[in-house]
Protein chains: 2
Amino acid sequence: MLESRLLRLIADRSKNLGPLVVVGPGDDCAALRAGPDSALPANLLITVDQLIQGRHFTPDTPLNAVAHKAIARSVSDIAAMAGTPVWSLATGALPPSMTDSDADALFHAMHAIARSFDCPLVGGDLASLPAGAPMVLTVTIAGTPHPTRGPVLRSTAIVGDAVFVTGSIGGSFTSGRHLTFEPMHLQAVALADAMGSRLHSMIDISDGLGRDAGRIGEASEVCLRIVASEIPLHPDAAGRGPLACAGDGEDYQLLFTALDDGSCPAELPGGVRVTKIGRVERREKSAPACVIIDDKGRAHDASALGWDHA
Amino acid sequence: MLESRLLRLIADRSKNLGPLVVVGPGDDCAALRAGPDSALPANLLITVDQLIQGRHFTPDTPLNAVAHKAIARSVSDIAAMAGTPVWSLATGALPPSMTDSDADALFHAMHAIARSFDCPLVGGDLASLPAGAPMVLTVTIAGTPHPTRGPVLRSTAIVGDAVFVTGSIGGSFTSGRHLTFEPMHLQAVALADAMGSRLHSMIDISDGLGRDAGRIGEASEVCLRIVASEIPLHPDAAGRGPLACAGDGEDYQLLFTALDDGSCPAELPGGVRVTKIGRVERREKSAPACVIIDDKGRAHDASALGWDHA
């Protein structure tokens, strides 16, 4: 079963989750209140992701890199809401071929990396698997929303917004960059600081610029119209075109829509460039939620690009 | 590697986790403050557990029962701190032999069961595994501490306390009761209501009464001296003695220590009995953290009983 379908099944069952849940399943994080009786706005973001050997990393990947990717992916989900990570939990289901010292090294690395992102591991669970099963890691990260802007959702893009992307995209998996990327949480907070309520919607690019832009379009019931020639391509993409790169996954850059009034910073902390790549338009029923326009003016349905973890 | 050893590795690295972390790894839950700048006492309990096909349930277990056990085990960890569950997250790494409708039924059941415990699923992740790998589920549950008593830890038993257990123990796995048990969270809250600060320490019995009592003893640097003939045995235990039953796991009853002043209720909500089974004594260095005294007055080291998920 495709993951996108299963995740939709969870989201479909997640109406009326009670006064605690400000944003339920379907966005990068859930956004929650402090307690069931609290009238406060959302004060906790929470996200969980799995990392599976043979799917998200090859069996020969150094354990340090596995640990980095496991933590950084969930930090990226907090970044996608403009939040700040505060604590984390990790689980590991480990194959019996893994030695004691390997298991120790893996969790030592996860611990150190989580601390480096200021979201220390506060708990976890370990279990062993039967022979032949792949390693399965999960990382849960909690974050605090931006203190004034609050959580930035996928569902709040507005017709007329400009579409922006941070950094550059393409070739992440083949180049190995997917193991070493830096999540954009500091940049996301700086963006919310600078733009406030003019920052309308945001997502991190995990499954490809095209598909993830389409998720904003779906959730907001609009169409993101992206100009292929404006997409900033990573040197790792080595001569592949923007449509191919928009189908690559694992970039972990931010894609966001905002008022097109010149208030968007051109650069974010760490020298991260921001590039305007398109515009938010009205969407007709059953039309694509994101189209990418090529050099000849042809519109490509972005949902046909990218990948679904099979 | 034994899980108990790996979990200790995590705990050993978990000193000085910052102002956010009131109780770090090593207890049933972590206890956290609302945010890094908060001077409030702990207002969030958090726990995560894994459930692995072939280890925690047999491959022919009905999916409803798998879902129940997955959620109820983590609720039991919240109960062990006298907390109230408020929300949950679930992940599934699913074998390819699982059909779409099975995956759907499993998550439908987890969703309904989490709701029945008032801790709705607010997010999750699903991924597929290669052929032959067992299903791996994780459930994270957050809870609120008892409003006046706060989190009840393992590390706060006091010499002179009486040792109590709820319900009865033994034969849970072989009878199948481990798939249908009701976690004791309502009873734990009622106990904290009734006893307040006279309730000193608590744990839920997952790995066997003997081993889990030993965990309180270790964490509190005391010895729990338990009288075998006082241990209430479950009818499922069918003629097996108290020492054998104290080595069974998966009871999910509460074991707690409290002032021995007659203030402990004899019965908790739902008709759950409370039985006094021993006393907290001083522990000499390198002596056992829990001993069980048999009919002939012999002391058995409880750490030699029970099971460690290998």
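Me: Helices (H or I, at least four residues) and strands (E, at least two) are DSSP runs, numbered from the N terminus. So what comes after α5(A), and what is its phi?

Reply: Gly196(A) follows α5(A), with a positive phi near 55°. By the way, this is a predicted model, where local features need pLDDT of at least 70, side-chain atom pairs count only at pLDDT 80 or more, and totals for chains, interfaces and linings use all residues. Residues are numbered from 1 along each chain as its sequence is written, while chains are lettered from A and ligands numbered from 1 in the order in which they are written.

Me: What makes strand β3 of chain A mostly covered?

Reply: Nine of its nine residues, 44-52, are buried. Buried means 20 or more other C-beta atoms within 10 Å of a residue's own, with C-beta atoms placed from the backbone (12 or fewer is exposed, in between is partly exposed). In a regular strand the side chains alternate between the two faces of the sheet. In β3(A), one side includes Leu44(A) and Ile46(A), the other Leu45(A) and Thr47(A), and both faces are covered.

Me: How do you know that β2(A) and β3(A) pair?

Reply: Pairing takes at least two bridges found by DSSP; β2(A) and β3(A) have three, antiparallel, so they pair. Leu32(A) stands opposite Leu44(A).
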